[in-house]
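Please keep the sequence and the coordinates in view while reading.

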Amino acid sequence: MKIHLIALATIASCALHAQAQQAVEVSHWWTSGGEAAALSVLKGNLEKQGVKWNDMPVAGGGGEAAMTAVRARVTSGNPPTAAQMMGFDIQDWGKQGVLADLTELAAKEGWDKSVPKALQNFSKYNGKWVSAPVNVHSTNWVWANKEVLTKSGVTSEPKTWDEFITAAEKVQKAGFIALAHGGQPWQEATVFDGVVLATGGVDYYRKAFIERDPKALNSATTEKVFHRMSQLRKLVDKDFSGRDWNVAAGMVISGKAGFQIMGDWAKGEFINAKQVPGKDFLCFRIPGTQGMVSFNSDQFAMFKVGADKSAAQIKLASAIMEPGFQSAFNVVKGSAPARTDVPDTAFDACGKKAIKDLAEANAKNTLVGSIAHGHAAPASIKNAFYDVITRHFNGQIDDKKAVVELTAAAKN
């Protein structure tokens with residue numbers, strides 16, 4: 001009997017040891033503040049399942065630095081379990097045949113029904129799920145200081161483009177900065193996302209910037225887009241050049257400026273400053289874009305790993321897509337969950353609006369990849385667009401010349 005009990009204890013110990021040996025190695029750039037705290041929720045969820053989390057952080061944000069580190073690992077035949085990626089990067093890795101197939105898990109957990117179709121274009125390669133999306137950020141937001149608007153005589157939220165310009169001019173005349181902006185190419189392009197949607201609507205957006213149809217690009221509508229960018233240029237302060245986005249958000253928070261056009265990551269700055277949506281600040285879609293959402297999405301692409309590591313990888317993918325984690329993470333991140341079936345209970349007023357807008361845009365097929373954030377065109381074209389948009393914003397080329405150069409950038 002004693003020997004039998006020892007044998008059982010040994011078997012149980014081996015089983016627990018085997019379970020404890022499961023581990024995932026994850027490359028990401030969420031290394032500070034709320035993002036790191038939210039990621040710890042995911043780590044905790046996995047540890048409860050006996051999966052050890054090994055961090056492969058890339059400080060200083062995403063982009064090429066992160067991809068270089070991952071590329072070195074994949075080339076040496078020792079890829080991480082998963083890597084944080086966005087947009088066309090996932091498709092580029094898919095083409096190389098190095099990503100894992102998550103389709104069986106996706107079918108079991110109903111990802112096809114819960115993840116917006118526009119996101120699936122990046123999460124899948126050749127019809128197979130290769131990546132688990134964490135969130136949906138959207139770029140066509142305006143953030144406003146309520147007290148500044150009141151002092152400037154702006155009594156209601158502008159609903160049209162002309163109303164927005166009139167409201168901003170009132171703020172300027174009252175002695176405030178109308179539009180807090182940081183003069184960096186990606187920030188100008190972020191503003192451009194919303195102006196394109198507001199000016200031409202979703203069909204024009206798709207035709208011109210996703211399909212890159214020369215007729216749609218080289219058109220009176222595109223010239224009107226640049227005219228509107230010129231209108232916004234008159235509303236920024238003289239010191240805008242080179243300013244970081246969070247500094248611009250701080251100008252709205254502190255009451256120096258009335259408005260900022262920025263993605264929903266800006267909300268984190270307001271929340272950290274103990275500001276309350278609806279009471280201290282307003283969040284609304286760029287006038288003319290209600291019902292449409294331009295998005296980017298953080299995802300974890302899964303690499304092909306050995307049979308000894310695949311069970312832990314599946315647990316990781318499942319934990320990322322779990323509604324409880326999607327809620328906990330996105331409450332902190334300021335984005336909407338990557339699933340449309342996650343309750344909005346824990347979210348503030350801006351978060352609830354983001355979730356509602358995303359569901360509506362998904363249902364109406366008005367959810368489009370962000371030009372500015374690499375979800376409308378591959379990096380080479382995106383960067384060429386940046387160059388034209390920024391030179392125009394800085395007065396180096398006029399509206400007509402910008403149209404010609406943007407069309408050429410798409411073609412080349």
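Which residue in strand 10 does Val142 stand opposite? In this predicted model, the residue opposite Val142 is Ile261 of strand 10. The two strands concerned are strand 8, residues 141–145, and strand 10, residues 257–261; they run antiparallel and are joined by three bridges.

Strand 8 has a further partner in strand 11 (residues 281–285), with which it pairs in the antiparallel sense over five bridges. Within that pairing, Ala144 has Leu282 of strand 11 as its bridge partner. Strand 8 is mostly covered, since five of its five residues are buried. Its side chains are divided between two directions: Trp141, Trp143 and Asn145 point one way, whereas Val142 and Ala144 point the other way, and all are buried.

Attention may now pass to a helix. Helix 15 comprises 15 residues, 307–321, and at 1.5 Å a residue it should span 21 Å; the distance of 22 Å between its end C-alpha atoms therefore agrees with expectation. Its buried residues include Ala312, Gln313, Leu316 and Ala317, together with Ala319, Ile320 and Met321 at the end of the list.

These elements belong to a chain with 19 helices and 15 strands. For 412 residues, a compact globule would have a radius of gyration near 22 Å, and the 23 Å of the protein chain agrees with this. Along the principal axes, the C-alpha atoms fill a box of roughly 90 × 45 × 35 Å. Of the 412 residues, 53% count as buried. The chain exposes about 17,600 Å², of which carbon and sulfur atoms supply 55%.

Notes: Residues are numbered from 1 along each chain as its sequence is written. This is a predicted model: local features need pLDDT of at least 70, side-chain atom pairs count only at pLDDT 80 or more; totals for chains, interfaces and linings use all residues. Side-chain values use heavy atoms; hydrogens and water are left out. Helices (H or I, at least four residues) and strands (E, at least two) are DSSP runs, numbered from the N terminus. The expected span of a helix is 1.5 Å times one less than its number of residues. Buried means under 20% relative accessible area, exposed over 50%, partly exposed in between (1.4 Å probe, protein chains only). Two strands pair if DSSP finds at least two bridges between them. The radius of gyration is taken over C-alpha atoms; the globule rule is 2.2 Å times the number of residues to the power 0.38. Accessible areas come from the Shrake-Rupley method with a 1.4 Å probe; for residues, only the protein chains shown count as cover.
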